Amino acid sequence: MTNDYSSNNVFVDNAFDRLAHKRTDPNWVQKRLADRDTRFVGVWQHRCALADQRLHFFKAGELSDFDLDQTILLGDVDGAACFALDFGDGPSPPESVAHFDFQGLRTIGMALDESEAALAAYAQAMSFWHRRHRFCGTCGNPAALKDAGHVLDCSRCDARSFPRSDPAVIVLAARDDRVLLGRQASWPPGRYSTIAGFVEPGESLEDTVRREVAEETGHCASEVRYFSSQPWPFPSSLMLGFSATVSAEPVCDPDEELEEVRWFTREEIIERETSGPKLVPPPLSIAYRLIEHWFNLDSDIPLAEIVSR
Ligand SMILES: [Zn+2]
């Protein structure tokens, strides 16, 4: 797809078929759950089960201790149906699966191939949603799972809940040949990144960009342009990447979320990346992709080459 920069982002797999039209067919779902080719992605806490540094696909035969009716249909993986199975968030994984290596996606997201990383992120986000919506938000009755795990239904008051994502904007704020980056006190020394924040109810995405840039940097943002998006399952965000032109000087006092905000030229980024602690965030995040896209617009050497030195 031309100009769809989201395909560069980790946790995105544009080719994945979610089999959404099959979710409402309980006969098809039951047949797939009994099919020996069907695969299951195992989630415990906010981690996925791995084997040999790859996502482990369980077969039903390995899961006789678990109720497969509580699984969530993810989609088609190499011609077979694939479901997520949540092993809960207890202090350790259930005994029969405890020998697997459970890892968080911040740790292994870049090491997995792109389709496995996207599938793991999807499984993790769906499992988190199930755990947080076990009871009806209206009347408190236990919620029943429907549509292959994509609807939670209250049998007492008929309230239904659906999987949710929390939208957040992330902004490449630039002017002329400089980019405005900030750092939080808790980050590794020398690290700076783009401006980010959650969308509030009643707010357009463009308004969120302008508000967050003003709150965090004191600068005024204009020419807000959409760039790309990234599912961010920590635990359930959708990062919406934008670029904006910002005022040369601050126009108001920033809040204290960021320890420091400052301008960088491309030359300063090269200098920091090659001689000191790493400046830009790791390529796992859309923040890196935003900085990379801006950087490469006017550089003979791609940013990826500089950060890998
Ligand atoms: Zn209810």
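Tutor: A residue is buried when its relative accessible area is under 20%, exposed when over 50%, and partly exposed in between (1.4 Å probe, protein chains only). The model is predicted: local features need pLDDT of at least 70, side-chain atom pairs count only at pLDDT 80 or more, and totals for chains, interfaces and linings use all residues. Residues are numbered from 1 along each chain as its sequence is written, and side-chain values use heavy atoms, leaving out hydrogens and water.

Student: How many residues of the protein chain count as buried, in percent?

Tutor: The C-alpha trace spans about 60 × 45 × 40 Å along its principal axes. The chain exposes about 15,600 Å² (Shrake-Rupley method, 1.4 Å probe; for residues, only the protein chains shown count as cover). Of its 309 residues, the buried share is 47%.

Student: How many helices and strands does the secondary structure of the protein chain come to?

Tutor: Helices (H or I, at least four residues) and strands (E, at least two) are DSSP runs, numbered from the N terminus. By that rule, the protein chain comes to seven helices and 16 strands.

Student: Which atoms coordinate the zinc ion?

Tutor: Donors are N, O and S atoms within 2.8 Å of the metal (3.2 Å for Na, K and Ca); water is not among the atoms, so sites may look incomplete. Along the chain, the zinc donors follow the spacing C-x2-C-x14-C-x2-C. At 2.3 to 2.4 Å, they are the SG atoms of Cys136, Cys139, Cys154 and Cys157.

Student: What is the geometry of the site of the zinc ion?

Tutor: Four donors count as tetrahedral if all angles lie between 85 and 135 degrees. Four count as square planar and six as octahedral if opposite donors are over 155 degrees apart and all others between 65 and 115; anything else is irregular. With angles of 98 to 118° among its four donor atoms, the zinc site is tetrahedral.

Student: Is cysteine 136 buried or exposed?

Tutor: Cysteine 139 has 28% relative accessibility and counts as partly exposed. Cysteine 136 has a relative accessible area of 10%, so it is buried.

Student: In E9, which residue is the bridge partner of alanine 143?

Tutor: Two strands pair if DSSP finds at least two bridges between them. E8-E9-E10 is the order of an open, antiparallel sheet of three strands. Its edge strands, E8 (143-146) and E10 (160-161), each pair on one side only. Four bridges join E8 to E9 (residues 151-154), and alanine 143 is partnered by a zinc donor, cysteine 154.

Student: Where is aspartate 147 found?

Tutor: Most residues other than glycine have a negative phi. Aspartate 147 has a positive phi of about 50°. At 23% relative accessibility, aspartate 147 is partly exposed. Its place is the loop between E8 and E9.

Student: Why is strand E11 (residues 166-175) described as largely enclosed?

Tutor: On one side of the pairing list, E11 runs parallel to E15 (residues 237-246) over nine bridges. E11 also pairs antiparallel with E13 (residues 195-198) through four bridges. The strand counts as largely enclosed by the rest of the structure because its buried residues number seven of the 10.

Student: In E13, which residue does valine 169 stand opposite?

Tutor: Valine 169 has a bridge partner in E15, leucine 240. In E13, valine 169 stands opposite glycine 197.

Student: In the hairpin of E11 and E12, which residue takes a positive phi?

Tutor: E11 and E12 (residues 178-183) pair antiparallel over three bridges. Arginine 175 has arginine 178 as its bridge partner in E12. Two residues lie between the strands, and the one with phi near 50° is aspartate 176.

Student: Which residue stands opposite leucine 240 in E15?

Tutor: Seven of the 10 residues of E15 are buried, so E15 is largely enclosed by the rest of the structure. E14 (residues 221-232) pairs with E15 antiparallel over nine bridges. Opposite leucine 240 is serine 229.

Student: What is omega for the peptide bond from phenylalanine 234 to proline 235?

Tutor: A hairpin joins E14 to E15 through four residues. Proline 235 lies in the loop between these strands. The bond from phenylalanine 234 to proline 235 is cis, with omega near 5°.
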